[in-house]
Amino acid sequence: MRSKAFCLAAFFAVSISSTCWAQGLNATQKFTDSEVVFDITGPYSNLTLTISGPNGLHASAHHRTGSPSIDLRKLGTIDDGDYIYQLIAATDEKIPVRSGLDNGRDGGPTTTMLKSVSTGGQFQVKGGTIVKYDPSAREETKRQK
């Protein structure tokens with residue numbers, strides 16, 4: 001349980017900080033009933049999709065050059081509730097590394113790295129099927145309880 005909580009906390013930390021790093025990943029949602037997938041346009045590499053959901057669900061998928069996807073049904077029972085996702089990728093643009101550390105090896109510190117971009121959002125699952133996220137529906141559910 002502790003490791004799941006740590007993973008979820010780490011995901012939220014990355015989500016919050018990544019909004020400061022970079023945004024602007026050109027990706028269009030192409031969700032099906034149970035699969036989270038994106039249509040990617042642009043020269044991106046090393047794409048990572050991360051999803052967190054109810055009851056400690058945490059899943060991630062990586063693809064070197066294309067769009068990673070996650071089929072929630074393959075993870076087991078799909079619990080109804082709110083899910084969050086984040087898609088992170090590297091562009092072909094190089095940016096300077098501000099904290100180069102000389103570790104004493106030949107070649108010196110790396111002075112550039114690939115720029116990171118990301119996008120994220122939310123969706124809901126109702127009746128075992130992915131539906132568009134509607135925050136007002138959640139508020140209505142809270143009021144009914």
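**Close-up 1. Phe-123 is a buried residue in this predicted model.** Phe-123 has a relative accessible area of 1%. Buried means under 20% relative accessible area, exposed means over 50%, and partly exposed lies in between (1.4 Å probe, protein chains only). Residues are numbered from 1 along each chain as its sequence is written, and side-chain values use heavy atoms, with hydrogens and water left out. Because the model is predicted, local features need pLDDT of at least 70 and side-chain atom pairs count only at pLDDT 80 or more, while totals for chains, interfaces and linings use all residues.

**Close-up 2. Phe-31 and Phe-38 form an edge-to-face pair.** The structure holds 6 aromatic pairs. Rings of Phe, Tyr and Trp (its six-membered ring) pair if their centres lie within 6.5 Å; planes under 30 degrees apart count as stacked, over 60 as edge-to-face and the rest as tilted. Phe-31 is partly exposed at 22% relative accessibility. Phe-38 is buried, with 5%.

**Close-up 3. Tyr-83 and Phe-123 form a stacked pair.** Their ring centres are 5.2 Å apart and their planes lie at 10°, so the pair counts as stacked. Distant parts of the chain are linked here: Tyr-83 sits in strand 7, Phe-123 in strand 8, and they are 40 residues apart. Strands (E, at least two residues) and helices (H or I, at least four) are DSSP runs, numbered from the N terminus. Tyr-83 is buried too, with a relative accessible area of 3%. Ring pairs join Phe-31, Phe-38, Tyr-83, Tyr-85 and Phe-123 into a cluster.

**Close-up 4. The largest nonpolar core has 20 residues.** A nonpolar core is a set of buried Ala, Val, Leu, Ile, Met, Phe, Trp, Tyr and Cys residues joined through side-chain atoms within 4.5 Å. Val-36, Leu-49, Ile-51, Ile-70, Leu-72, Phe-123 and Val-125 touch the most other members. Strand 4, strand 5, strand 7 (81-96) and strand 8 (112-126) each give two or more residues. Strand 7 gives the most, with 4 residues. In soluble globular proteins, nonpolar side chains tend to be buried together.

**Close-up 5. Glu-93 and Lys-115 meet in a salt bridge.** The structure holds 1 salt bridge. The term means a side-chain nitrogen of Lys or Arg within 4 Å of a carboxyl oxygen of Asp or Glu. From N to O, the Glu-93 and Lys-115 side chains are 3.9 Å apart. Glu-93 belongs to strand 7 and Lys-115 to strand 8, 22 residues apart, so the pair links distant parts of the chain. Glu-93 is partly exposed at 41%. Lys-115 is partly exposed at 30%.

**Close-up 6. Asn-46 and Asn-55 have positive phi values.** Phi is near 50° at Asn-46, a residue other than glycine. Asn-46 lies in strand 4 (residues 45-53) and is partly exposed at 34% relative accessibility. Phi is near 55° at Asn-55, again not a glycine. Asn-55 is found in the loop between strand 4 and strand 5 (57-63). Asn-55 is exposed, with a relative accessible area of 67%.

**Close-up 7. Residues 5-22 have pLDDT below 50.** pLDDT is the predictor's confidence in each residue, from 0 to 100. The chain averages 79, and 67% of the residues score at least 70. Contact means heavy atoms within 4.5 Å.
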